[in-house]
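Here are my notes on this structure, as numbered points. Please read them with the coordinates open.

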Amino acid sequence: MSTAQQGARAARAGATPYLYLAPAVVLFTLFVAAPIGYTAYLSMRRVKFSGLGLGKNSRTEIFVGLDNYRAAVADGEFWAGWLRVLGYAGLVLTLMLGLALVFALLLDSARVRLARFSRIAIFLPYAVPGVVATLLWGFLYLPSLSPVHATLRAFGVENVDLLDPSTVLFSMVNVAIWGGTGFNMLVLYTQLRAIPRDYYEAARIDGASELAIALRVKVPMLAPALVLTTVFSIIATIQVFTEPMTLRPISNAVSSTWSPLMKVYTDAFVNGDLYSAAATSLVIALISVVPSLLFMRLVRRRAFGEER
Amino acid sequence: MRTKRLSAALSVLLAGALVAGCSSSPEEETPQETGPVELTFWTWAPNMDKIAAVWNEAHPDIKVTVSKQAGGDEAAAKFLTAAKAGNAPDLVQAEYQMLPSFVAAEAVADIKADVEGVRGEFSDGIWRLVTLGTDAVYGLPQDSGPMMLYYRQDLFARYGLEVPRTWEEYAAAARTVHARDKSVYLGGFSSKDPGWFAGLAQQAGGQWWSITGEAWQVGINDDATKKVADFWGGLAKEGVVDTQAPWTPEWNAALNGGKLLTWSSAVWGPGVLSSNAPDGKGKWAIAPLPQWSAGENHSGFWGGSSIAVSAGSKHRKAAAQFLSWLNTDAKAVDLLIKEAAIYPAAKSGQQLLTTAPEYFANQPDFWQQATTIAGTARGFTFGPNVNVAYGAYKDAFDKAVQQKSSFTDALAAVQDATVADMKKSGFTLAS
């Protein structure tokens, strides 16, 4: 089709394509672009008091350029938070996705019993909101009320504090895995069901065992779904907030800046400094985008077969 | 083609609706000429809606609608955010320590001219908390929280303990009790309750903030407060006080099951004990806080709040009228005591407290005792960034409790964080 023809077509279509686009554009502008713009605006301002700050007109909002950003990246606690989150993300990603993969493969194998029940049972925790899940687990971690501690005692583990600095990370990871495995398992399982059975048949004729089929046929064919779940999980774990925030009141080991997002919350809603919070949240957004993009770049060709 | 046109029309409609939806906010500007003045009221006091209903009944021209809030630090943050967004309620409950930050954010109105008549109803100490030592009046006091020692009468008898009169005796008793039974503590240190620690600092004579001329002075790690921090730091290091986070099911179980023999708390304690430790009914009693030296008689405040009128309210006069009624009218204060279970700030209200709370049936003179103790409580001026100081307290003391490290260092960290924040915000600080 020549450009002239295309132009003619576009003219005939008139405003219609724009009208189709309008709802999406309007919604995007209102609920994504505008808030981000406002955040960027706030991030370059600060409240300045004079004197005691109590009289009239002793409070002014001033423009400070990139000062808030400088303060955000210069704060050691911010990077310490990233380090904690990195440890958390490493554990959650490997354990949760590993479990999800194992469960999906098991459910897909022909010989499993109670498949439907197991599928629902594994998925169900995903339907429990994060705050509720963390509260439930949090109470289980408290010694005098908890069957968890009773069980540990039965195995000879006495007086372990599940909420002290050396253990609280694992306690959080446990909540995340409990809540997240089901969803990832379901994504992988759905993808598995979409693979034509012929491949397995062919493999079996070639003498492959069930294990070999799982590892050498199923897993490679699952690659796109694995990429998807990994990217989602990276984003979710980097933004960890609910678990530490909910455990904080019952543990002495979770500071108000445990994760980067908690620092944003503390700045904005405890210290009343929306401006620093805005700057920090934009820095976090930037940092979160990078690993996701890197991962996508790394696996794109393999997983989606995008060859030029 | 028809479907195409239809969907085009739909998208126009949708876009139109969205645009209309976001441009139709400021329509409440016009004052209603008929109908009553409508006031919204954010509070966490229980049953406040019932009290407002009594007012509404008698005042058809001013209608108060209560919106129940969760208390705690988040309540202040929520109000400040709402005020910034221009959606603040007309009336807001503000803990005394949060009022200065509301004033600094220009979120509450000066109601001096509207409440002139009720000044005499409040003691000077309480009144200072709503004027912040300035000429303005930023709210009316509602309740106060003088601190006292709650103790298990029955278990004190069983362990052969005397009620400690000094902190020294308290420390000795703490060692005795814990030595007798490793699962039992005399009391606890809370790294989660900066307000509690502030009250103990007030008892010791600390002055966390003060105004000299036109400058703030921050003394969070003054000698008096250091003494308090050192005392608890020592006991925590020895392991003879409980350092678990309070307000958890675990803590409730300890309080309920006789694993904690005392609770240094405030006059609002009966409400907490009756719901969190129901089995202790008739077993707890109150006594003055232990003193720093024998023969002294001081206490501090933990909690207590005022009601302020937000700066954005269009009905300041009506709001102030309701406030004066709520906190000084005999009938209203009586309702506050009975329905909202508060210890009223108004002087006249304290005479209305006669029968001891049901939970303290074993101590018929509960209120006489409480009123005597309340007379010994001393407060201090709160600064404009109490939220920052309190946040820093939780982080620093959480860590100190965990690592059994120096409480005085933790206190210094709180002081530093508070001063740094005030400097950054531009407040003038006395050198």
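1. Overall build of chain B. Chain B holds 17 helices and 9 strands. Its radius of gyration is 24 Å, close to the 22 Å that the globule rule gives for 431 residues, so chain B is as compact as a globular protein of that length. Keep in mind that this is a predicted model.

2. Extent and burial of chain B. Along the principal axes, the C-alpha atoms of chain B fill a box of roughly 85 × 55 × 45 Å. Buried residues make up 48% of the 431 in chain B. Take the contacts in chain B with a separation of 6 or more: 76% of them join residues 24 or more positions apart.

3. The interface. On the chain B side, 43 residues are in contact with 35 residues of chain A. Six helices of chain B each supply at least two residues to that side: helix 1 (2-23), helix 3 (73-85), helix 4 (99-104), helix 10 (249-256), helix 16 (386-403) and helix 17 (407-425). By class, the chain B side divides into 21 nonpolar, 11 polar and 11 charged residues.

4. The nonpolar core. The largest one has 190 residues. Ala104(A), Leu99(B) and Leu323(B) have the most contacts inside it. Helix 4 of chain A gives the largest share, 12 residues. In soluble globular proteins, nonpolar side chains tend to be buried together. What does Leu323(B) touch, leaving aside its neighbours within four places in sequence? The partners are Leu91(B), Val115(B), Leu140(B), Ile307(B) and Val309(B).

5. A helix pair in chain A. Helix 4 (residues 76-108) and helix 11 (residues 223-238) of chain A pack at an angle of about 145°, with their axes 9 Å apart. The crossing is right-handed. Helix 4 of chain A contributes Val85(A), Tyr88(A), Ala89(A), Val92(A), Leu93(A), Met96(A), Leu97(A) and Ala100(A). Helix 11 of chain A answers with Thr229(A), Thr230(A), Ser233(A), Ile234(A), Thr237(A) and Ile238(A). The contact has 10 nonpolar, 4 polar and no charged residues.

6. Helix 13 of chain A. Two charged side chains deserve a look here: Lys263(A) and Asp267(A) are among the buried residues. Pro260(A), Leu261(A) and Val270(A) are also among them. Just after the helix, Gly272(A) takes a positive phi of about 65°.

7. Thr225(B). Is this residue buried or exposed? Thr225(B) has 25 other C-beta atoms within 10 Å. The cut-off for burial is 20 or more, so Thr225(B) is buried. Thr225(B) sits in helix 9 (residues 223-238) of chain B. Leaving aside neighbours within four places in sequence, its contacts are Ala201(B), Ala204(B), Gly206(B), Ile220(B) and Leu411(B). Trp208(B) is 17 residues away along the chain, with a C-alpha separation of 8.5 Å from Thr225(B).

8. Backbone points to check. Most residues other than glycine have a negative phi. Asn47(B) is not a glycine, yet has a positive phi of about 60°. Asn47(B) lies in the loop between strand 1 (37-43) and helix 2 (48-58) of chain B. With 16 C-beta neighbours inside 10 Å, Asn47(B) counts as partly exposed. Trp247(B), also not a glycine, has a positive phi of about 70°. Its loop runs between helix 9 and helix 10 of chain B. Trp247(B) has 15 C-beta neighbours inside 10 Å and counts as partly exposed.

How values were computed. Residues are numbered from 1 along each chain as its sequence is written. Chains are lettered from A and ligands numbered from 1 in the order in which they are written. This is a predicted model: local features need pLDDT of at least 70, side-chain atom pairs count only at pLDDT 80 or more; totals for chains, interfaces and linings use all residues. Axes are lines fitted to C-alpha atoms, for helices over the stretch in contact, and angles run from 0 to 180 degrees between N-to-C directions. Helices (H or I, at least four residues) and strands (E, at least two) are DSSP runs, numbered from the N terminus. A crossing is left-handed if the near helix is turned anticlockwise from the far one by less than a right angle, and right-handed if clockwise. Two residues are in contact if their C-beta atoms, placed from the backbone, lie within 7 Å. The radius of gyration is taken over C-alpha atoms; the globule rule is 2.2 Å times the number of residues to the power 0.38. A residue is buried if 20 or more other C-beta atoms lie within 10 Å of its own, exposed if 12 or fewer, and partly exposed in between; C-beta atoms are placed from the backbone. A nonpolar core is a set of buried Ala, Val, Leu, Ile, Met, Phe, Trp, Tyr and Cys residues joined through C-beta atoms within 7 Å.
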